[in-house]
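Please read the sequence and the model below side by side. The paragraphs that follow go through the sheet, a helix residue, the cores and the aromatic rings.

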Amino acid sequence: MAAYRVLRDGSDVSGESGAERAVGFAEYLATSQLESQRLVEAALAAGLDAAVPTCPGWTVGGLLKHVGGLARGVTDYLRTGNPHPPTEAAKQSWFVSPPAGTDLVDWYAGTRAELAEAFLAADPQTAYFSFLPAESPLLFWARRNAHETAIHRADVQLAAGAEITPYEAAFARDGIAELLAFTALSLRADPGFTIAAAGSLLHVGPADCTVAPDSGGPVDLRLVGPASAVYLTLWNRTPPTDVQLAGDPALLDYWRNHARWEL
């Protein structure tokens, strides 16, 4: 990697308030329900055989099986209180396809209803397995579920040829912080660099990667724009057409080629 120049850019996000607002448990659940409804509507509009352009090789039907399987997995954790990472056998059980002839949209809606019930019945003191810092494992899973559903809703809207419904700004900023923390588990670079986006600062080094609040200081790349647009750009769902890149744009290419969000 080349040596990166450092630029200072203190611009705020496109008229949005830069003040942080915490997203809580109830809001995660409500957002998950809303995003799931939007996903279903987009799936019906697209058709199950439609290709998903942002998930190469996937159809809408395959994506429904994926998000339904993830819902099964979170439901399993909430019901059992399992403190351990999932085994391969457990993951395989979550992603077993529904019986032939099953209406996939109805099946997906059913998995979401079971998950919603499991969240409401869960004990916030239970030490479920989780892999990112949070006030509680229950809050971790509520957050992870909300953003997983939200980003795949965008995928299905694109498959339907529709415009992506923008995300509420505080939710998008929260998702950016979560995404950076998720990516920090595996992203490394030598020489290191820093990226600032919607209130969060990612420092990538050769041996580790850290996330902290953005103080507005000098960075190698700052993404400036509506939080929803930055969210979609960092998730590699849209090109940065509504985002200003202040700094070295090659770093966004590096992100797109090397950032991973899988355990």
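This is a predicted model: local features need pLDDT of at least 70, side-chain atom pairs count only at pLDDT 80 or more; totals for chains, interfaces and linings use all residues.

Which residue is the bridge partner of Thr-194 in E2? The partner is His-203. Strand E1 covers residues 193-197 and strand E2 covers residues 200-204; the two run antiparallel and are joined by five bridges. Two residues separate the strands in this hairpin, and Ala-198 has a positive phi near 50 degrees there.

E1 also pairs with strand E4 (residues 221-224), through three bridges, and here the strands run parallel. Within E4, Leu-221 is the bridge partner of Ile-195. The two pairings belong to an open sheet of five strands, ordered E3-E2-E1-E4-E5, in which the pairing is mixed. At the edges are strand E3 (209-213) and strand E5 (244-247), each of which pairs on one side only. From one strand to the next, the twist averages 20 degrees.

How many of the five residues of E1 are buried? Five of the five are, and the strand is mostly covered. The cover is on both faces: Phe-193, Ile-195 and Ala-197 are buried on one side, while Thr-194 and Ala-196 are buried on the other. Helix H6, residues 169-183, lies across E1, E2 and E3, and runs at about 15 degrees to E2.

Gln-157 sits in helix H5, which spans residues 137-159. Its relative accessible area is 8%, and the cut-off for a buried residue is under 20%, so Gln-157 counts as buried. Which backbone atom does the side chain of Gln-157 reach? The side chain reaches the backbone nitrogen of Thr-165, at 3.0 Å. Apart from neighbours within four places in sequence, Gln-157 is in contact with Ala-42, Ala-162, Glu-163, Ile-164 and Thr-165.

Now the nonpolar cores. The largest one has 60 residues, and the members that touch the most others are Leu-78, Phe-119, Tyr-167, Tyr-231, Leu-234 and Trp-255. H5 gives the most to this core, with nine residues. Another core lies apart from it and has 17 residues, including Val-40, Ala-43, Cys-55 and Leu-63. For Trp-255, the contacts beyond four places in sequence are Leu-179, Leu-180, Thr-183, Leu-187, Leu-202, Leu-234, Asn-236 and Trp-261.

The aromatic rings come last. A pair of aromatic rings is described by the distance of the centres and the angle of the planes. In the whole structure, a search finds 13 aromatic pairs. Why is the pair of Phe-131 and Phe-140 edge-to-face? The ring centres of Phe-131 and Phe-140 are 4.9 Å apart and the planes stand at 75 degrees; planes over 60 degrees apart count as edge-to-face, so this pair falls in that class. Both Phe-131 and Phe-140 are buried.

The pair of Tyr-167 and Phe-171 is tilted, because its planes are at 40 degrees, with the centres 6.3 Å apart. Tyr-167 is buried, with a relative accessible area of 6%, and Phe-171 is buried too, with a value of 3%. Tyr-167 was named above among the residues of the largest nonpolar core that touch the most other members. Finally, one aromatic cluster is formed by Tyr-77, Trp-94, Phe-129, Phe-131, Phe-140, Trp-141 and Phe-182.

Methods: Residues are numbered from 1 along each chain as its sequence is written. Side-chain values use heavy atoms; hydrogens and water are left out. Two strands pair if DSSP finds at least two bridges between them. Helices (H or I, at least four residues) and strands (E, at least two) are DSSP runs, numbered from the N terminus. Axes are lines fitted to C-alpha atoms, for helices over the stretch in contact, and angles run from 0 to 180 degrees between N-to-C directions. Contact means heavy atoms within 4.5 Å. Buried means under 20% relative accessible area, exposed over 50%, partly exposed in between (1.4 Å probe, protein chains only). A polar contact is a pair of N or O atoms within 3.5 Å; within protein, one must be able to donate a hydrogen and the other to accept it, and residues adjacent in sequence count only if both atoms are side-chain atoms. A nonpolar core is a set of buried Ala, Val, Leu, Ile, Met, Phe, Trp, Tyr and Cys residues joined through side-chain atoms within 4.5 Å. Rings of Phe, Tyr and Trp (its six-membered ring) pair if their centres lie within 6.5 Å; planes under 30 degrees apart count as stacked, over 60 as edge-to-face and the rest as tilted.
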